[in-house]
Amino acid sequence: CKANEVIAMATETVKQKILQVVERLPDTATLEDAIERLCFLAKVEEGLRQSDAGETVPHAEAVRQIRR
């Protein structure tokens with residue numbers, strides 16, 4: 001997705017978002033491809049929700065956790 005598509009998706013219903021993802025899949029897409037894209041969308045949406053709620057980790061802390 002391009003940045004402007006993500007912004008436009010923010011005001012749509014979940015059903016509309018799902019339909020858009022499915023419509024953008026190539027004709028050769030598999031069920032696994034569709035599920036992967038929908039899972040990705042769900043993870044992005046959850047990350048945005050967490051960010052909006054202030055549920056973030058400072059960069060330095062994230063680096064520290066990764067280096068463990």
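Reader: How far apart are the end C-alpha atoms of α3, and what should its 22 residues span?
Author: The end C-alpha atoms of α3 are 32 Å apart, which agrees with the 32 Å that its 22 residues should span at 1.5 Å a residue, the expected span being 1.5 Å times one less than the number of residues. Helices here are DSSP runs of H or I with at least four residues, numbered from the N terminus. This is a predicted model, in which local features need pLDDT of at least 70 and side-chain atom pairs count only at pLDDT 80 or more, while totals for chains, interfaces and linings use all residues. Residues are numbered from 1 along each chain as its sequence is written, and side-chain values use heavy atoms, leaving out hydrogens and water.

Reader: At what angle do α2 and α3 cross?
Author: The axes of α2 (residues 14-24) and α3 (residues 31-52), lines fitted to C-alpha atoms over the stretch in contact, come within 10 Å and cross at roughly 140°, on a scale from 0 to 180 degrees between N-to-C directions.

Reader: Which residues make that contact?
Author: From α2 they are Lys17, Ile18, Val21 and Arg24, and from α3 they are Arg37, Leu38, Leu41 and Glu45, where contact means heavy atoms within 4.5 Å.

Reader: Changing topic, how many salt bridges does the structure hold?
Author: It holds four, each being a side-chain nitrogen of Lys or Arg within 4 Å of a carboxyl oxygen of Asp or Glu. One of them joins glutamate 45 to lysine 17, with the closest N and O atoms 2.9 Å apart. That pair links distant parts of the chain, 28 residues apart, with glutamate 45 in α3 and lysine 17 in α2.

Note on methods:
Helix = DSSP H or I, 4+ residues; strand = E, 2+ residues; numbered from the N terminus.
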